[in-house]
Amino acid sequence: MALVETVPPPAALVTEKPVGKTPWGRVKPLVLALIVPTLLLAFWHIATTQRWTRLIPTPYEVGEYMIDFAVGGIYDDAFSGTLLTHLIASMSRVYGGFALAALFALPLGLMIGRIPTARMVLDPFLQVMRPIPVTAWLPLSMILFGLGPRSAFALVCLGAFYPILLNTIFGVRSVDPKLFEAASMLGCQGNAQFYKVVLPAALPSIFTGLRLGLGLAWFVIVVGEMTGVPQGLGAVIMDGRTLSRTELVICGMIIIGIAGYLSDRIVVMIGNRLLAWSPTHHG
Amino acid sequence: MAESKTPIIEIKQVSKVFKLQDQTINALHDANISIRKGEFVCLIGASGCGKSTLLRIIAGFEQPTTGDALMWGSPIKGPDPTRGMVFQDYALFPWLSVRDNIAFGPASRGLAKAVVKETVDKFIDLVGLGKFASAYPHQLSGGMKQRVAIARVLANDAEVVLMDEPFGALDAMTRERLQDELLDIWQRTGLTVVFVTHSIEEAIFLADRVVVMTPGPGRIESDNPLLLQRPRDVASPEFNDIRRVMSAKLHSHHGKKAA
Ligand SMILES: Nc1ncnc2c1ncn2[C@@H]1O[C@H](COP(=O)(O)OP(=O)(O)O)[C@@H](O)[C@H]1O
Ligand SMILES: [Mg+2]
């Protein structure tokens, strides 16, 4: 038996739907998003065709090279049709390094966030290690892990590590204390609170950390692949530099940008699904 | 029946002192109160007079510095499902749907899935949220959130419901409706309610007894049984007489406002 006859509909349930119904409303975000890239492309085109610089190829040349890089058949050099190989090599390092970073950073972050002693032991050390950039680790990494993929893996892992760690610590530490009281008066006490309160409450922060971590993994891939690996987009860019083939460098950059972007969109989509309950997580 | 003689809640000479770095706060001084099963008790008083502290001691979130807090004659050692708390800011689990928030207690106590479902269905209906069973807290209005908070403690078999200014953040209309609903639930279930409020009117509308508290240090000033018949009419002369008396009691100390 209901005690209420008229319950007002919840605000968010009604207002979310009627956005972007008109055709213009639908394409507007895309149009706005394309303004800056189009201007940049135009500037690039003018700058190179007017010969303001002779060191950078025209957009058309880069486009043509991109096609050759992807499927071959135009220049037929050592890089023709190898895009996929390099992309896959880089992706395996990005996702592998990221997964390894998550494997270390998540439990460590939960521990530091929850256990004061762990925090006192590890926090000062990590605070000192954190400002050291991944580039600075490059030589040491090559000594420790040798020339090649293992080193690349380690550097990517390092790049993804801190955002995951810090956001996990933050998430765990900023759980609303009222929720612990609510849980305990409902009969959920002690360690059970870790799974039923701390983890779900920290999930949005942990997720933000994972997203930033994956972004950074893409960000540092070129440094990671400076370690003398034969394949990978970073390796292609380094080769392009030594061979003075700027079009190759630009192709590599564009592909990293697009791959990183798509990878982030996928993560955001997973987040929207997983964190539908969180009003702040609709990316 | 022995049960009816023992008060469900008994507060005996309870004092609570909070020690901060450079000062000690006497949040509660020598409080005595005894609540029988099924009573509706309102605590009223100016900010800082120890209402929340007293309620939190009954809940088991705080221990008295001196004195005893008892339930059915045994000391209250910590929070327990028999004493459910309804917070002013709801304290719902934002990652759980309405249904799962209400199921949290029964599931934590390890009840069988079928029993949990049946209990939850019953209490979702009781507070009229059937249509919003799968909505998340951020999609609900304040009044609806507070309904979920009430259902959540009722679904967990609470004998005593402790409410700390539960309707303080709601608009006047929602507030009145929830007061009616709460009284209705209370009358049908035989719950014991301890209800903190700032509003004299709310206290007189709801309570069997109004406990007036005064600050500095927080103490119980008077304990006033209300003999007004239910359902009560806020506009009746009797209601207004009582309101005047209560108002005088509240304002006699330090000239503090309580509205
Ligand atoms: N955890 C705490 N630590 C320190 N002081 C507190 C704490 N809780 C309450 N107090 C103090 O105790 C006094 C009574 O507070 P409270 O019980 O919240 O009053 P009320 O609910 O009547 O407004 C206030 O002076 C408040 O600042
Ligand atoms: Mg209070």
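In the predicted model, 54% of the 259 residues of chain B are buried. The chain contains 7 helices and 10 strands. Its radius of gyration is 18 Å, close to the 18 Å given by the globule rule for 259 residues, so chain B is as compact as a globular protein of that length. Taken along the principal axes, the C-alpha atoms of chain B fill a box of roughly 50 × 45 × 45 Å. Of the contacts in chain B with a separation of 6 or more, 69% are accounted for by residues 24 or more positions apart.

Chain B is divided into two parts: domain 1 comprises residues 2-82 + 159-258, and domain 2 comprises residues 92-158. The C-alpha centres of domain 1 and domain 2 of chain B lie 25 Å apart. To the contact between them, domain 1 of chain B contributes 16 residues and domain 2 of chain B contributes 12 residues.

Chain A comprises 12 helices and 0 strands. From the N terminus, its elements follow the order α-α-α-α-α-α-α-α-α-α-α-α. The radius of gyration of chain A, 24 Å, is well over the 19 Å that the globule rule gives for 283 residues, so the chain is more spread out than a compact globule. The C-alpha trace of chain A spans about 75 × 55 × 30 Å along its principal axes.

In chain A, 42% of the 283 residues are buried. Residues 24 or more positions apart make up 65% of the chain A contacts that have a separation of 6 or more. The accessible surface of chain A amounts to about 15900 Å², and 71% of this area belongs to carbon and sulfur atoms. The side chains of chain A include 19 positive and 14 negative ones, and the centres of the two sets are 8 Å apart.

Within chain A, G257(A) lies in helix α12, which covers residues 246-274. The relative accessibility of G257(A) is 42%, and the residue therefore counts as partly exposed, the range for this class lying between 20% and 50%. The C-alpha atoms of G257(A) and W218(A) are 8.5 Å apart in space, while the two residues are 39 residues apart in sequence.

Methods: Residues numbered from 1 in each chain as written. Chains lettered and ligands numbered in written order. Predicted model: local features only at pLDDT ≥ 70, side-chain atom pairs only at ≥ 80, totals over all residues. Heavy atoms only, no water. Helix = DSSP H or I, 4+ residues; strand = E, 2+ residues; numbered from the N terminus. Buried < 20%, exposed > 50% of the residue type's maximum accessible area, 1.4 Å probe, protein only. Rg over C-alpha atoms; globule rule 2.2 N^0.38 Å. Contact = heavy atoms within 4.5 Å. Areas by Shrake-Rupley, 256 points an atom, 1.4 Å probe, with all protein chains shown as cover. Lys, Arg positive; Asp, Glu negative; His and termini not counted. Charge placed at Lys NZ, Arg CZ, Asp CG, Glu CD. Domains from an automatic or database assignment.
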